[in-house]
Amino acid sequence: MLNKKLKIENQDILVGSSRINTNNKAFNRIEYMEKNMQFNKAYMYYLEENNLQDIDQSILGQFITEYKNYRNDWVNPINRQNANRPLCVDIETASICNLACPHCSREYIITPDKVMDEDLFIKIVDESALLKVPSMKMNWRGEPLLNPRLTKMINYAKRKGILEILINTNAVTLTEEKANEIIDSGLDVMIYSFDGGTKETYEKMRPGRFKENNFEDVYSKIKRFSEIKKERSAKFPITKIQMILTEDSRKEVNQFYELFGDIVDEVTITQYNERGGNFNSLTLEQRDAISGYFTSNNLPNDTPYLVDFDGNIFISRKRKPCEQIFQRLMITFDGRIGMCCHDWGARHGIGFIDEKAFDQNKLTNEVDKKIKNNSKGFELLKNAKSPENFNEPIHKVETLSEIWEGNELKKVRDLHLSDKLDEVKVCSNCTFKDTYNWERIN
């Protein structure tokens, strides 16, 4: 049992998540990356391809400085209003997923079961490299390990000089062979999504789509990855595991830390973001307390609220500009550009990097037909509907640079900076906790 007080990560008054490592101390990813930059594949490939030996470590120092600058910009993104590049490009290497989690937007918004083709991926990475984009995330709505070319894609991006590459994975298909390929690829950060500290909660939260998903099987794969990494004395990827707070998982925080504290670098508890269903993240007592506060203070029932893992209740009376529109671009498997990872389905499109993304209806109609026919793997998606189209850019293929500096994204940024973000329809209904100013009420 962990008896020490867990470190809480604050933003304004918001308690968003907690982190702990094996020594009951917060893991500092930035310090770790800087300390181990000589093992970063982008640095190693740079030396190799330029036939260099960094005897005085001056090149290493340049890589570390570049990484520091990127991380400093990440925490102050709104100061980058005139920056000519995103800090991160999120590439949906796979939109397909092998789970049907009840808290996932896939349950409510139709999502194609596709993987990105290699030519489009290379085009995105090559353009990103020209812009000197420092980081990439190789997934968005799907499970990246379902793309059979994923590790080759990661390795290609590292050869092109991308400093930091991340993936989120459910680890269901994380075999020993894939584990070794991931380590060899140069991946920097691997984030496991694993909801629940017990078998019962995990299997309730993360049911399989095509076959039964098993707690012991996935846990053993995560543990085995840790063993392989140690056997190979590999510095990367950094491993992190996260669980969202729900009515069930709130009671299992200690069990979660006990399960993973010794086999990953970082354990995180995160707030649940409502994704369109009726999935409950609070206990009955917490719901009653919030409802009572709204009534006694004459607040509307749709006033935003959150409850942290210690039971502290927060409400918000005011929004603030979203940092994501100054940090990153989201690219679907077929080349549609979205402005934010919380806009599932890229309903507010801001551009296209490939003409295949012009026709969204064809793909959603295919999935809709399978749902209505109760096809294998679609039985648990019966509530999914075609995504609304809040903004459709002109159908023309542009470069990442043109989209990043283009008028579609500028319009959104201007509204956010003018405290008019609710005029952007997809933003007005957003439950991303970091776009609210929070005040504690208990």
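**A loop and its surroundings**

A: Ala346 is found in the loop between strand 12 (336-338) and strand 13 (349-352). Helices (H or I, at least four residues) and strands (E, at least two) are DSSP runs, numbered from the N terminus. A quick note before we go on: this is a predicted model, where local features need pLDDT of at least 70 and side-chain atom pairs count only at pLDDT 80 or more, while totals for chains, interfaces and linings use all residues. Residues are numbered from 1 along each chain as its sequence is written, and side-chain values use heavy atoms, with hydrogens and water left out.

Back to Ala346. Its phi is positive, near 50 degrees, in a residue other than glycine. With a relative accessible area of 1%, Ala346 is buried. Buried means under 20% relative accessible area, exposed over 50% and partly exposed in between (1.4 Å probe, protein chains only).

For contrast, look at Asn51, in the loop between helix 2 (41-49) and helix 3 (58-75). Asn51 isn't a glycine, but has a positive phi of about 50 degrees. Its relative accessible area is 73%, so Asn51 is exposed.

Now let's go to Met339. Leaving out residues up to four places away in sequence, Met339 touches Gln324, Ile325, Arg328, Met330, His348, Ile350, Leu409, Val412, Val424, Val426 and Cys427. Contact here means heavy atoms within 4.5 Å. Met339 also belongs to the largest nonpolar core, which has 73 residues; Met138, Ile222, Phe260 and Met339 touch the most other members. A nonpolar core, by the way, is a set of buried Ala, Val, Leu, Ile, Met, Phe, Trp, Tyr and Cys residues joined through side-chain atoms within 4.5 Å. Apart from this core lies another, of 21 residues, among them Met37, Val189, Ile191 and Phe236.

Pro237 is in the loop between helix 8 (215-231) and strand 7 (238-244).

Phe260, which we met in the largest core, is also part of an aromatic cluster with Phe194, Tyr202, Phe215, Tyr219, Phe256 and Tyr257. There are 17 aromatic pairs in the structure. Rings of Phe, Tyr and Trp (its six-membered ring) pair if their centres lie within 6.5 Å; planes under 30 degrees apart count as stacked, over 60 as edge-to-face and the rest as tilted. Phe194 and Tyr202 have ring centres 4.2 Å apart and planes at 20 degrees, so this pair is stacked. Both Phe194 and Tyr202 are buried. Phe27 and Tyr32 have ring centres 5.6 Å apart and planes at 45 degrees, so that pair is tilted. Phe27 counts as buried too, at 14% relative accessibility.

Rings can have a charge over them as well: Arg413 lies over the face of Trp404, at 4.4 Å from the ring centre. Likewise, the charged end of Arg71 sits over the ring of Tyr70, 5.0 Å from its centre. A charge sits over a ring if NZ of Lys or CZ of Arg is within 6 Å of the ring centre and within 35 degrees of the ring normal.

Tyr70 leads us to one last stop, Pro134. Not counting residues up to four places away in sequence, Pro134 touches Tyr70, Arg85, Pro86, Leu87, Ile162, Leu163 and Glu164. Pro134 sits in the loop between helix 4 (118-130) and strand 4 (135-137), and at 1% relative accessibility Pro134 counts as buried.
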